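Let's take a walk through a protein model together. Have the sequence and the 3D view ready, and look up each residue as it comes along.

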Amino acid sequence: MITLSIIKADTGGFVGHTAVHPDMMAEARREIGRAIDSGLLIDGHVAACGDDLSLIMTHTYGPDADLIHSFAWDTFQATTHIAKELGLYGAGQDLLSDAFSGNLRGMGPGYAELDFDERPSEPVICFLADKTEPGAWNLPLYKMFADPFNTAGLVIDQKMHAGFAFEVYDLYDEKRIIFDCPADLYEMLMYIGAPARYVIHSVRSRTLGETAAATSTQRLSLIAGKYVGKDDPVMIVRCQSGLPAVGEVLEPFTFAYAVAGCMRGSHHAPLMPVSTEHAHPSRFDGPPRVVALGFQIHDGKLIGPRDLFADQAFDRAREQATEAMDYLRRHGPFEPHRLPLEDLEYTTMTVLTKRLADRWTPMTTELATAGTNKR
Ligand code: F6R
Ligand code: MG
């Protein structure tokens with residue numbers, strides 16, 4: 001059994017919230033190198049999407065392991081130190097607690113972890129997104145594992161015909177449910193179509209009994225009780241041989257669908273698939289980005305990555321994202337560009353409600369305030 005873990009955090013932005021500084025990347029690489037040398041990790045790779053730094057690691061300790069989570073925590077402390085030295089923006093912003101206590105749950109960093117017996121050939125894709133939330137994976141996961149118009153294998157591969165089981169979390173009430181698809185398809189869509197609350201946590205093949213996908217499901221804003229940045233999710237998807245092919249896993253991203261996030265975590269904007277070189281959301285702190293890093297895992301080693309959205313076949317999705325961004329931006333502070341009041345990460349409403357309390361009167365009362373148009 002090996003475990004593939006992606007653990008990520010925003011420990012400081014360069015410039016503003018657009019990227020991770022090269023010195024922080026170098027420090028994380030040094031730490032990963034040391035952890036490989038000491039035998040803690042089998043292998044590791046450091047990547048970034050926007051201002052989020054991801055540690056992609058293979059090891060044998062299983063998900064939620066103290067040793068691995070504390071290693072990631074220490075690495076993020078080290079990159080925070082550099083961010084502070086350089087005066088980078090929001091240094092250490094995702095490290096919500098002063099002391100690490102065994103496991104990263106509720107402490108700020110996000111993580112997706114999967115353990116499995118390595119197949120003779122093990123292709124996996126690590127998706128990293130910036131300026132959006134974990135529910136952003138709902139639509140592509142649905143398409144990969146449940147939509148025959150996306151995934152031909154659901155119809156013509158014997159090993160996929162029985163479908164997939166989706167584990168869905170309710171992030172508000174902290175409970176979960178399994179939907180067996182295709183039988184439960186319509187029930188599931190009622191929930192996962194509301195991605196701010198219901199998030200697909202994992203997907204399992206009903207034929208192979210193997211977990212095929214895992215996402216990070218932390219909602220940082222709820223954990224912290226105040227705004228500390230959108231959760232900027234990551235996801236692992238295993239591919240081929242009875243699971244969706246690499247091309248079926250990437251296909252949903254040819255549509256720049258709308259997600260919540262972007263500027264101040266408070267706007268709907270299109271998700272733009274990009275190469276790592278272009279994973280720097282600058283326009284209106286967006287549009288939100290997603291990168292796809294493909295690896296072959298062999299004896300636990302990460303062979304790769306291949307920067308899968310560098311393919312020009314995704315150019316049109318990028319153009320579509322720019323066009324959708326232009327369209328949505330023209331709404332300015334109006335919905336549906338701005339999120340509904342209850343989903344805003346920043347708000348002046350609490351203060352306004354108090355300040356304007358006296359000026360709101362029942363609609364039946366005659367208005368007496370100066371400046372009102374009396375007939
Ligand atoms: C979105 C995000 C940014 C910031 C924005 C304002 O997830 O991180 O859009 O919300 O740049 O940041 P502050 O309030 O720190 O100036
Ligand atoms: Mg971010």
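**How to read the model**

This is a predicted model, in which local features need pLDDT of at least 70 and side-chain atom pairs count only at pLDDT 80 or more, while totals for chains, interfaces and linings use all residues. Residues are numbered from 1 along each chain as its sequence is written, chains are lettered from A and ligands numbered from 1 in the order in which they are written, and side-chain values use heavy atoms, with hydrogens and water left out.

Asp52 in strand β3 (residues 52–59) and Asp130 in strand β5 (residues 122–130) link distant parts of the chain, as they are 78 residues apart. Helices (H or I, at least four residues) and strands (E, at least two) are DSSP runs, numbered from the N terminus.

Are Asp52 and Asp130 buried or exposed? Both are buried. The word buried means under 20% relative accessible area, exposed means over 50%, and partly exposed lies in between (1.4 Å probe, protein chains only). Asp232 belongs to the loop between α6 and β10, and this residue counts as buried because its relative accessibility is 5%. Its phi is near 45°, a positive value in a residue other than glycine.

**The cavity**

Next, look inside the protein. A search of the whole structure turns up one cavity of 30 Å³ or more. The largest cavity has a volume of about 40 Å³. Its lining has 10 residues, and those closest to the centre are Lys8, Gly108, Gly110, Gln218 and Asp231. On a 1 Å grid over the protein atoms alone, a cavity is a set of points where a 1.4 Å probe fits but cannot get out, and lining residues have an atom within 4 Å of a point. Grid points are joined across faces, edges and corners, and the volume is the space filled by probe spheres set on the points.

The lining of the largest cavity divides into three nonpolar, four polar and three charged residues. In this count Ala, Val, Leu, Ile, Met, Phe, Trp, Tyr, Cys and Pro are nonpolar, Asp, Glu, Lys and Arg are charged, and the others, Gly among them, are polar. Domain 1 (1–113) and domain 2 (117–359) each supply at least three residues to this lining; the domain bounds come from an automatic or database domain assignment.

Asp231 sits in the loop between α6 (220–224) and β10 (234–238). With 7% relative accessibility, Asp231 counts as buried. The UniProt annotation "binding site" (unreviewed entry) covers Asp231. UniProt positions are given in the numbering used here, with shortened feature names, and annotations may be inferred rather than shown by experiment.

**Other annotated positions**

Under "binding site" (unreviewed entry), UniProt also lists His17, Lys131, Arg264 and Asp285. These residues span 269 residues in sequence, yet no two of their C-alpha atoms are more than 10.2 Å apart, so they gather at one spot. Arg264 is in the loop between β11 (258–261) and β12 (267–270), and at 44% relative accessibility Arg264 counts as partly exposed. Asp285 lies in the loop between β13 (272–273) and β14 (289–298), and its phi is near 50°, a positive value in a residue other than glycine.

| Peptide bond | Form | Omega |
|---|---|---|
| Phe14 to Val15 | cis | near -5° |
| Cys181 to Pro182 | cis | near 20° |

Val15 is in the loop between β1 (2–9) and α1 (22–37). Pro182 is in the loop between β7 (175–181) and α5 (185–192).

For a last stop, find Leu302 in strand β15 (residues 301–307). Leu302 is buried, with a relative accessible area of 9%.

Definitions and conventions:
1 Å grid on protein atoms, 1.4 Å probe; cavity = no way out; pocket = protein on both sides within 12 Å on 5 of 7 lines; lining within 4 Å.
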